[in-house]
Amino acid sequence: MAEELDKLIFERSNCPISCSLDLLGDKWTLLVIRDLLLGKKRFQEFLKSPERIATNILADRLKKIEAAGLITQQTYQQKPVRYEYVLTKKGEDLKPVLQSLAKWGITYYPGTKIFEAVGRP
């Protein structure tokens with residue numbers, strides 16, 4: 001099991017930036033984490049993001065980041081079974097990374113804006 005974990009972590013090298021990019025460096029993963037940090041929890045909520053992620057890609061990313069320990073899945077409805085997603089401590093620890101990316105983006109991409117948190121009923 002430890003060998004499998006090492007293989008997943010060290011896909012290219014044991015550089016910490018490379019390892020982080022192996023997990024977070026695709027087009028969608030950090031946007032899903034962003035939405036979780038803003039309060040989105042349910043599949044349909046993620047689909048409403050302006051980037052318009054495809055359902056199959058979203059399902060794949062949610063499985064990938066759950067397997068990496070960034071989120072956990074919780075049942076919120078039994079029939080039919082439906083899930084919501086919650087960040088783990090490991091996932092929450094990405095908050096300052098995303099805040100830094102947002103700050104950099106605002107500086108170098110005029111007209112961009114930070115999205116508001118989702119209000120829960």
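Modeller: Ala, Val, Leu, Ile, Met, Phe, Trp, Tyr, Cys and Pro count as nonpolar, Asp, Glu, Lys and Arg as charged, and the others, including Gly, as polar. The model is predicted, with local features requiring pLDDT of at least 70 and side-chain atom pairs pLDDT 80 or more, while totals for chains, interfaces and linings use all residues. Residues are numbered from 1 along each chain as its sequence is written, and side-chain values use heavy atoms, without hydrogens or water.

Colleague: How are the residues of the lining of the largest pocket divided by class?

Modeller: A pocket is an open set of points on a 1 Å grid over the protein atoms alone, with protein on both sides within 12 Å along at least five of seven lines; lining residues have an atom within 4 Å of a point. The lining of the largest pocket comprises 21 residues. Arg-34, Leu-98, Leu-101, Ala-102 and Ile-114 lie nearest the pocket's centre. The division is 12 nonpolar, three polar and six charged.

Colleague: Which element gives the most to the lining of the largest pocket?

Modeller: H3 and helix H7 (95-108) are the elements that each give two or more residues to this lining. The greatest contribution, eight residues, is from H7.

Colleague: Which helix gives the most to the lining of the largest cavity?

Modeller: The lining of the largest cavity includes Trp-28, Leu-31, Val-32, Arg-34 and Asp-35. By class, this lining has five nonpolar, one polar and four charged residues. The helix that gives the most, with four residues, is H3 (residues 29-37).

How values were computed:
On a 1 Å grid over the protein atoms alone, a cavity is a set of points where a 1.4 Å probe fits but cannot get out, and a pocket is an open set with protein on both sides within 12 Å along at least five of seven lines; lining residues have an atom within 4 Å of a point.
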